Amino acid sequence: MPTIYKPKRKKPSNDFSRAERMKVYNTQRWRDLRALKLARSPLCEVCLNADRTKAAEHVDHIDSFTKYTGDARTCKAYDYGNLQSICAECHARKTIKEHRGAR
């Protein structure tokens with residue numbers, strides 16, 4: 001039976017590998033910072049700006065730390081002022097928008 005060749009989707013050239021991101025997300029420092037942000041801002045900040053009330057499930061980097069290198073990356077990754085509490089729906093919408101802009 002013949003097979004159909006389906007080429008793999010190419011990742012953007014500026015793609016930041018999952019393994020590299022997990023170096024931040026697997027640290028105790030990140031877990032503590034995330035817990036602090038959710039404790040101080042338990043509601044989705046994007047929804048609040050649109051006059052909706054929804055519980056936050058994620059902590060999102062407003063300005064992605066993956067765009068930076070070296071010490072600047074570390075500073076952005078753990079900068080409390082660069083974080084927002086966000087619900088799953090708003091987080092997915094933001095991620096899709098960012099990926100479309102990367103193309």
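**Figure 1. Cys-47 in helix α3.** In this predicted model, Cys-47 sits in helix α3, which spans residues 45-49. Cys-47 has a relative accessible area of 3% and is therefore buried, the cut-off being under 20%. When neighbours within four places in sequence are set aside, Cys-47 is in contact with Arg-52, Lys-54, Cys-87 and Cys-90. Ile-86 is 39 residues away from Cys-47 in sequence, yet their C-alpha atoms are 8.0 Å apart in space.

**Figure 2. The largest nonpolar core and a separate one.** Ten residues form the largest nonpolar core: Val-24, Trp-30, Leu-33, Leu-38, Ala-56, Val-59, Phe-65, Ala-77, Tyr-78 and Leu-83. Helix α2, residues 28-40, contributes three residues to this core, the most of any element. In soluble globular proteins, nonpolar side chains tend to be buried together.

**Figure 3. Val-24 and its contacts.** Val-24 is one of the residues of the largest nonpolar core. Not counting residues up to four places away in sequence, Val-24 touches Trp-30, Phe-65, Ala-77 and Tyr-78.

**Figure 4. Asn-82 in the loop between α4 and β2.** Asn-82 is found in the loop that joins α4 (70-77) to β2 (83-86). Its relative accessibility is 5%, so Asn-82 counts as buried. A polar atom of the Asn-82 side chain lies 3.4 Å from the backbone oxygen of Lys-76. With neighbours within four places in sequence left aside, the contacts of Asn-82 are Asp-60, His-61, Ile-62, Asp-63 and Lys-76.

**Figure 5. The salt bridge between Lys-76 and Asp-63.** The side chains of Lys-76 and Asp-63 meet in a salt bridge, with an N to O distance of 3.4 Å. Lys-76 belongs to helix α4 and Asp-63 to the loop between β1 (58-61) and α4, so the pair ties together parts that are 13 residues apart in sequence. Lys-76 counts as partly exposed, at 22% relative accessibility, whereas Asp-63 is buried, with a relative accessible area of 18%. Both Lys-76 and Asp-63 are among the contacts of Asn-82.

**Figure 6. The salt bridge between Lys-37 and Glu-45.** The structure holds eight salt bridges. One of them joins the side chains of Lys-37 and Glu-45, at 3.2 Å from N to O. Lys-37 has a relative accessible area of 6% and is buried. Glu-45, at 22% relative accessibility, counts as partly exposed.

**Figure 7. The salt bridge between Lys-94 and Glu-98 in helix α5.** The side chains of Lys-94 and Glu-98 meet in a salt bridge with an N to O distance of 2.8 Å. The two residues are four residues apart in helix α5 (residues 88-102), and therefore about one helical turn separates them. Lys-94 is buried, with a relative accessible area of 18%, while Glu-98 is partly exposed, with a relative accessible area of 40%.

**Figure 8. A network of salt bridges.** Salt bridges link Lys-54, Glu-89 and Arg-93 in a network. Lys-54 is also one of the residues in contact with Cys-47.

Notes: Residues numbered from 1 in each chain as written. Predicted model: local features only at pLDDT ≥ 70, side-chain atom pairs only at ≥ 80, totals over all residues. Heavy atoms only, no water. Buried < 20%, exposed > 50% of the residue type's maximum accessible area, 1.4 Å probe, protein only. Polar contact = N/O pair within 3.5 Å; in protein donor to acceptor, adjacent residues only side chain to side chain. Contact = heavy atoms within 4.5 Å. Core = buried A, V, L, I, M, F, W, Y, C linked by side-chain atoms within 4.5 Å. Salt bridge = Lys/Arg side-chain N within 4 Å of Asp/Glu carboxyl O.
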